[in-house]
Amino acid sequence: MAHATIYMGFTVPQLLRGASRIFPTHSVLVVLRHSAFCYCTVNSTVKSKRKMDHLERTANNFRQEVISQAKVCGITNESETVKRLRLAIANKDFTFKAGQWVDFFIPGVSVVGGFSICSSPGLLEREGILELAVKHTVHPPAYWIHTECTLDSEVALRVGADLHGYQESKGNGYKMGTAKLYYSAKNTSELLFKKNILGLMNAFPGKITCRFHVTQQSSQICKELQPHVTEGRVSEKDLEKHVSKDTLWYICGPPPMIESISKLLSNIGVPRNCVFFEKWW
């Protein structure tokens, strides 16, 4: 039986890394809010009163033992607030799976960062390269990346745990499900990886679809995006038509968005154990 999976929050890197692997037998609805590249985990009561650091929040998660050196070999502005960091990995035994993050160690910075990997394992295998997408914040690791990091800057990385609940398809009954992505941002310039997403939609017609939501758009929307853009926030009406017993929902974004969407899903009858969310705050 195929299932439906719904992602809500900013999980674009996971979606791009391997669409058919992330939801091998599920239908997926993804609702994204431009704000964070983070690790998805099983939903429990959402709390965000006290900000813990990355290592404290993930103390109980599995990690590889090896810390690998890396050198910055590329820096790209994905938007006004997000930089894509391209890292050359020194350790040939360094590996990761789609859905994992890295602990990010910076010489001279006592706080350890935690960032989801937005490139594929294949890129690492072919070129020894790993990519991160990091939003500008005052958090020391992110702030360093946006204000001090340069080409040839040296850092260290350690891989964190796999996505919870991910299972490889087995047997001959495999049937790829569908993914529905709701991706919300202030304006279209903040819709990161939009060209990649449109490419996935074209590559998997009927299997991957996306609605972009913009809340403060002031300029004209380009023709390529116009058919896929809605002005305004993701609403209960948008989501209630996707509710079913076989649907899984994934949320990623800032705490108020997580809390709002979680409450909305509860109101429309989505069981708590079918909801997953980001935990980086």
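Predicted model: local features only at pLDDT ≥ 70, side-chain atom pairs only at ≥ 80, totals over all residues.
Aromatic side chains are considered at the outset. The structure contains four aromatic pairs. In one of them, the ring centres of Tyr-183 and Phe-212 are 5.8 Å apart and the ring planes meet at 50°, so this pair is classed as tilted. Tyr-183 belongs to strand β10 (residues 179–185) and Phe-212 to strand β11 (residues 208–214), so that the pair links distant parts of the chain, 29 residues apart. Tyr-183 has a relative accessibility of 0% and therefore counts as buried. Phe-212 likewise has a relative accessible area of 0% and is buried.

A further pair is formed by Tyr-250 and Phe-276. Their ring centres lie 4.6 Å apart and their planes are at 15°; because planes under 30 degrees apart count as stacked, the pair of Tyr-250 and Phe-276 is stacked. This pair, too, links distant parts of the chain, with Tyr-250 in strand β13 (residues 247–252) and Phe-276 in strand β14 (residues 275–278), 26 residues apart. Both Tyr-250 and Phe-276 are buried. Elsewhere, Phe-104, Phe-115 and Trp-144 come together as one aromatic cluster. A charged side chain also meets a ring: Lys-180 lies over the face of Tyr-182, at 5.3 Å from the ring centre.

Trp-144, a member of the aromatic cluster, is also one of the buried residues of helix α5 (residues 140–147). The buried residues of this helix are Pro-141, Ala-142, Trp-144, Ile-145 and His-146. They pack against five strands, namely β5 (82–89), β6 (101–105), β7 (113–116), β8 (129–135) and β9 (154–159). Of these strands, β8 has six of its seven residues buried, and it is therefore largely enclosed by the rest of the structure. Strands β5 and β8 pair in the antiparallel sense, over seven bridges. Within this part of the structure, Ala-88 has Ile-129 of β8 as its bridge partner.

The structure holds six salt bridges. Arg-84 takes part in a salt bridge with Glu-131, in which the closest N and O atoms are 2.6 Å apart. With a relative accessible area of 17%, Arg-84 is buried. Glu-131 is buried as well, at 9%, whereas Glu-78 is partly exposed, at 23%. The cut-off explains this assignment, because buried means under 20% relative accessible area. Salt bridges link Glu-78, Arg-84, Arg-86, Glu-127 and Glu-131 in a network.

Another salt bridge joins Arg-158 to Asp-103, with the closest N and O atoms 3.0 Å apart. Arg-158 lies in strand β9 and Asp-103 in strand β6, so the pair ties together parts that are 55 residues apart in sequence. Both partners are classed as buried, Arg-158 at 17% relative accessibility and Asp-103 at 0%.

The loop between β5 and β6 contains Phe-94. Although Phe-94 lies in a loop, this residue is buried, with a relative accessible area of 4%. Not counting residues up to four places away in sequence, Phe-94 touches Ser-68, Ile-89, Val-102, Leu-124, Leu-130, Leu-157 and Val-159. Phe-94 and Arg-158 are 64 residues apart along the chain, and their C-alpha atoms are separated by 8.8 Å. Arg-158 is the residue that forms the salt bridge with Asp-103.

Technical notes:
Residues numbered from 1 in each chain as written. Heavy atoms only, no water. Phe/Tyr/Trp six-rings, centres within 6.5 Å; stacked < 30°, edge-to-face > 60°. Helix = DSSP H or I, 4+ residues; strand = E, 2+ residues; numbered from the N terminus. Buried < 20%, exposed > 50% of the residue type's maximum accessible area, 1.4 Å probe, protein only. Lys NZ or Arg CZ within 6 Å of the ring centre and 35° of its normal. Contact = heavy atoms within 4.5 Å. Pairing = 2+ DSSP bridges. Salt bridge = Lys/Arg side-chain N within 4 Å of Asp/Glu carboxyl O.
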